[in-house]
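Please look over the sequence and the structure below, then read the briefing that follows.

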Amino acid sequence: MSKVAIITDSNSGIVQEEADKLGIFVVPMPFYINGELYFEGISLTQDEFYELLKNDADISTSMPAVGDLTDLWDKVLKDYEEIVYIPMSSGLSSSTQTAIILSDDYDGRVQVVDNQRISITQRMSVFDAIRLSEEGKSAADIKAILEASKFESSIYITIDTLKYLKKGGRLTPAAAALGTILRIKPVLTIQGEKLDSFAKARTMKQAKQIMIEAMKEDCKKRFNDPEGLGSTVHMAGAYTYDEKAAESYRQDIEKAFPMSGEVVMMPLSLSVSCHIGPGALAIGCARRLS
């Protein structure tokens, strides 16, 4: 029997095909479109999703059903001794706390990691967990290591339109209207469990530069990288729908952080995208584990 299985959810940006190649498991996040249940990466393609979003479909997110999660754990534990489950940040969803409660019935065989990660940085935690498992670490050891470094990450994201924040009730109609008139491109940040406003830009070009400069400051002040070139972190990018803009920004990130190595640019999960719409760009990093 193999020792430790790694499971995450689709908020990590890891799709089912990639999970199969990595030898891990992904819980697809459920969401409702016009009252019908879909599962990310299984029931709907990215193109179909954005077409529905563009046509103002009623889209809402949900958390994995308790039975679906425990059924997966039970199935995986037939072939593995232990599980490390890495869900999205508990600061952004109650699904993590639910999973922790459910894991109490598994006598320590299921370790739920609450390390305040989402998207790019959640994906980085998955790769760290894979490496730690290959080194022979137990599930409890992996959980402890990942949670000890939970604040050693940073994300900045800018959005192209305020429409979906307004629609989801995260922005008042008046603020959305004013922002649209002024062509404001908000820059948001995720530091640990909180999503906060960081800056306002007048153009997407300015917003992209603000994010890179902010990440350079994080590298210098938080991640022991005096030159701010990415020598101590894994760097990545994310986007919604616009692949051409995403590839251009990926190249900008690589130029700005030449010491971080190859930069992966990945589409944001659909359960995140429905709140921010197409045209968003993000940059994220996590400190390399020793």
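Two cavities reach 30 Å³ or more. A cavity is a set of points, on a 1 Å grid over the protein atoms alone, where a 1.4 Å probe fits but cannot get out, and lining residues have an atom within 4 Å of a point. Grid points are joined across faces, edges and corners, and a volume is the space filled by probe spheres set on the points. This is a predicted model, in which local features need pLDDT of at least 70 and side-chain atom pairs count only at pLDDT 80 or more, while totals for chains, interfaces and linings use all residues. Residues are numbered from 1 along each chain as its sequence is written, and side-chain values use heavy atoms, with hydrogens and water left out.

- The largest cavity holds about 50 Å³ of space, and its lining includes Met63, Pro64, Tyr85 and Leu102.
- Helix H3 (66–76) and helix H4 (95–103) are the elements that give two or more residues to this lining; helices (H or I, at least four residues) and strands (E, at least two) are DSSP runs, numbered from the N terminus.
- H4 gives the largest share of the lining of the largest cavity, four residues.
- Eight residues of that lining are nonpolar, two are polar and none is charged. Here Ala, Val, Leu, Ile, Met, Phe, Trp, Tyr, Cys and Pro count as nonpolar, Asp, Glu, Lys and Arg as charged, and the others, Gly among them, as polar.
- The second largest cavity holds about 30 Å³ and is lined by Arg117, Asp128, Ser149, Glu152, Ala286, Arg287 and Leu289.
- By class, its lining has four charged, two nonpolar and one polar residue.

**A pocket**

- The second largest pocket has about 290 Å³ of space; a pocket is an open set with protein on both sides within 12 Å along at least five of seven lines.
- Helix H5 (119–134) supplies the largest share of the lining of this pocket, six residues, and S11 also supplies at least two.
- Among the lining residues are Asp128, His234 and Glu262.
- The lining of the second largest pocket divides into six nonpolar, two polar and four charged residues.

**The sheet of six strands**

- This open sheet has the order S10-S9-S8-S13-S11-S12, with mixed pairing; two strands pair if DSSP finds at least two bridges between them.
- Strands S10 (194–201) and S12 (264–267) stand at the edges with a single partner strand each, so one side of each has no neighbour in the sheet.
- Strands S8 (residues 153–158) and S13 (residues 281–287) pair in the antiparallel sense over six bridges, and Ser154 has Cys285 in S13 as its bridge partner.
- Helix H10 (residues 243–256) packs on the sheet and touches S11 (233–239), S12 and S13; contact means heavy atoms within 4.5 Å.
- The direction of H10 makes about 40° with that of S13. Axes are lines fitted to C-alpha atoms, for helices over the stretch in contact, and angles run from 0 to 180 degrees between N-to-C directions.

**Aromatic rings**

- The structure holds eight aromatic pairs. Rings of Phe, Tyr and Trp (its six-membered ring) pair if their centres lie within 6.5 Å; planes under 30 degrees apart count as stacked, over 60 as edge-to-face and the rest as tilted.
- The rings of Phe25 and Tyr80 have centres 6.0 Å apart and planes at 90°, so this pair is edge-to-face.
- Phe25 lies in strand S2 (residues 25–27) and Tyr80 in strand S6 (residues 80–86), so the pair ties together parts 55 residues apart in sequence.
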